[in-house]
Amino acid sequence: MTTSTTMPRGARYRFSWIGMIGFAIILFWAIIAFLAPHIIPYPVGEIVDEDYFGPMSSKLLLGSDYLGRDMLSRIIMGARYTVGISLAAVCLACFSGAAFGMAAAVIGGWFDTILSRFLDALNSIPSKLSGLVIAAAVGSSLPVLIIMLGVIYIPGAYRFARSLAVNVNTMDYITVARTRGEGIPYVVFSEILPNIIGPLLADFGIRFVFIVLLLSGLSFLGLGVQPPYADWGALVHENIGGLPFGAPAVIVPSLAIASLTISVNLLIDNLPKKIRDRSA
Amino acid sequence: MSTYVLGLITNRLGSAALTLLIVSFAVFFATAMLPGDTATILLGQAATPEAVAGLRAAMHLDEPAFFRFARWLFGLLQGDFGTSYVNNVPVAELIGARFVNTMRLAGIVTLFAVPLSLTLGITAAMFRGSVYDRVVTILTIGVISVPEFMIATSAVLLFSVYLKWLPALSFATDVDSFWQVLKIYAMPVITLTFVVSAQMIRMTRAAVIDTIKTPYVEAAILKGASRRRAVLIHALPNAVGPIANAIALSLSYLVGGVIIVETIFNYPGIAKLMVDGVSTRDLPLIQSCAIIFCVGYLALITFADVVAILANPRVR
């Protein structure tokens, strides 16, 4: 029970309304992605419009694409790939990055030096470039994309978690735990992790945005999600021919990406200080 | 300059060299794990085993990967970028002219982006908390949060579809007049300037605000200096280092941006060459382009670090 605290719960975690809007839009896309196959008005592969790059109408709410397929259905299904792949990749990046980062801070010595040196070097390869090189080498099936996006962002997550953990590692209660004879896994997960979980979650969100942007960029170049699947970046790629006509098929997927990434940024910028701050 | 500063800078350069070695190692092995045998891919399914074996020997494919890496790296150091798999032309020849094109694009963008961002960043910091500051901040966050191709497509929609000022996605090769050159470069430069400036404005604003918070600026304001005077005369000279650092760091965003922009506007630079190389799986070409980009990126980041060291009077 939380009634023992003197302050009402709402006063401790107050979300600003801008953060709430951000959260609502993220939730909206999450539900869309989850329910996608049940709410699409037309099957994604079916040609429903005799015209290509059709305008918005009451029959096709967001117009039609370069083959005359329903754009709304394709965007709803695209949410699955954009949100799903990015979420899987960000989990991979943040979980392994944070685990290694905390372990490096606790273990220290050679382990820390070599791992930091190596991952910092990898961090100095621009993310789009790594994407291109890996896509050229091993292609871009869905599992490869997830692993690739995750691996590209491990060094960043590692660096962030390590810098937080190094500060916590100097605290007295860590010394106490070590003196007590606790092993490294215990110190990492029971002593350090609870103290840095807030900033780590904020970092999770920021890295999610980076991954959505990178995935969309690669798909836009035609090197990300491959047909017959299409994420939002791939939708822009395949409909780029409609740009001179200002077709909704080019504009709407871009807007979908922007709405997701801006919402995540808004939510994180407006998180209560208690969660976001490093000192928390 | 003291020996201590020289030591710090040598240290930075040394660590950049080590980083570059690790990066080239990573690039080489990422491309070397390509499934399938390169010689078989090159010669096709119909090749005789003898021909494949001959090609393997000629390309040193039988050697251990580490020796191939060393051979490749020494070649690079001597300016030998290898031979393209696809059209059997030395990669250096393919890259040559296109490298100049990319550098020209980057140079023009820098010329526009730096003054624009410094003005917006410093004024936003000066009037911190005002409506102007909030508008600038929201716009920069907006630009940072959307993919580069969205900025490019929006620019096309605005300038060529609705306003009809500029041609849409085409890079004309016949360039006769200055006016045409302007038209060709306008769209890529506008897009890249947006991408780079957003980062630069944010970092410049943060750097100036950091300096404004220091006790001596507070003292200047208490002394009776106007807000403008306190920022321009007292804070700015001390923020030169962090600002130069911010400029170099934001310019490194050119690397990602240029890949998208050259592709969408069909601009004949090395990024476009590399993206085409990825679709044809032309490994020597991809490796060389990747290394060139990494060198450029590392050079900018190291330059930013060195500037930060030089600008800090406590170290100097």
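**View 1. A:Ala230 is a buried residue, with a relative accessibility of 7%.** Here "buried" means under 20% relative accessible area, "exposed" over 50%, and "partly exposed" in between, using a 1.4 Å probe and protein chains only. This is a predicted model, in which local features need pLDDT of at least 70, side-chain atom pairs count only at pLDDT 80 or more, totals for chains, interfaces and linings use all residues, and side-chain values rest on heavy atoms, with hydrogens and water left out. To find your way around, note that residues are numbered from 1 along each chain as its sequence is written, while chains are lettered from A and ligands numbered from 1 in the order in which they are written. A:Ala230 sits in the loop between H8 and H9 of chain A; helices (H or I, at least four residues) and strands (E, at least two) are DSSP runs, numbered from the N terminus. Leaving aside residues up to four places away in sequence, A:Ala230 touches A:Arg74, A:Gly78, A:Tyr81, A:Val225 and A:Leu235, where a contact means heavy atoms within 4.5 Å. A:Arg180 is 50 residues from A:Ala230 in sequence and 54 Å from it in space, C-alpha to C-alpha.

**View 2. A cis peptide bond links A:Pro227 to A:Pro228.** Its omega is about 10°. Most peptide bonds are trans, and most residues other than glycine have a negative phi. A:Pro228 belongs to the loop between H8 and helix H9 (232-238) of chain A, and A:Ala230 from the previous view is found in the loop between H8 and H9 too.

**View 3. A:Glu182 lies in the loop between helix H7 (172-179) and helix H8 (184-220) of chain A.** Its relative accessibility is 27%, so A:Glu182 counts as partly exposed. Not counting residues up to four places away in sequence, A:Glu182 touches A:Ala177 and A:Val187. Between A:Glu182 and A:Trp17 there are 44 Å in space, C-alpha to C-alpha, and 165 residues in sequence.

**View 4. Helices H5 (residues 127-138) and H6 (residues 142-169) of chain A cross at roughly 145°.** Two packed helices are described by the angle between their axes and the distance between the axes. In this pair the axes come within 10 Å; axes are lines fitted to C-alpha atoms, for helices over the stretch in contact, and angles run from 0 to 180 degrees between N-to-C directions. H5(A) brings A:Ser127, A:Ser130, A:Gly131, A:Ile134, A:Ala135 and A:Val138 to the contact, and H6(A) brings A:Val144, A:Met148, A:Ile152 and A:Tyr153. Sorted by class, these are seven nonpolar, three polar and no charged residues. Ala, Val, Leu, Ile, Met, Phe, Trp, Tyr, Cys and Pro count as nonpolar, Asp, Glu, Lys and Arg as charged, and the others, Gly among them, as polar.

**View 5. In chain B, helix H5 (residues 91-126) meets helix H12 (residues 270-280).** Their axes come within 8 Å and cross at roughly 130°, so H5(B) and H12(B) are oblique to each other. For such angles, under 35 degrees is roughly parallel, over 145 roughly antiparallel, 65 to 115 roughly perpendicular, and the rest oblique. From H5(B), B:Leu94, B:Ile95, B:Arg98, B:Phe99 and B:Thr102 meet B:Ile270, B:Ala271, B:Lys272 and B:Leu273 of H12(B). This contact has six nonpolar, one polar and two charged residues. Look closely at B:Thr102, which is buried at 7% relative accessibility. Beyond residues up to four places away in sequence, the contacts of B:Thr102 are B:Val258, B:Glu262, B:Tyr267, B:Gly269, B:Ile270 and B:Ala271.

**View 6. B:Asn266 has a positive phi of about 60° although it is not a glycine.** The residue is in the loop between helix H11 (253-264) and H12 of chain B. At 42% relative accessibility, B:Asn266 is partly exposed.

**View 7. Cysteines are shown here, with zero disulfides over all chains.** A disulfide is a pair of cysteine sulfur atoms within 2.5 Å. The sulfur nearest to that of A:Cys91 belongs to A:Cys94, 7.8 Å away, and A:Cys91 is partly exposed at 24% relative accessibility. B:Cys289 is buried, at 0%; its closest cysteine sulfur, in B:Cys294, is 11 Å away, too far for a bond.

**View 8. Chain B has 13 helices and zero strands.** Of its 316 residues, 45% are buried. Among contacts in chain B between residues at least 6 apart in sequence, 72% join residues at least 24 apart.
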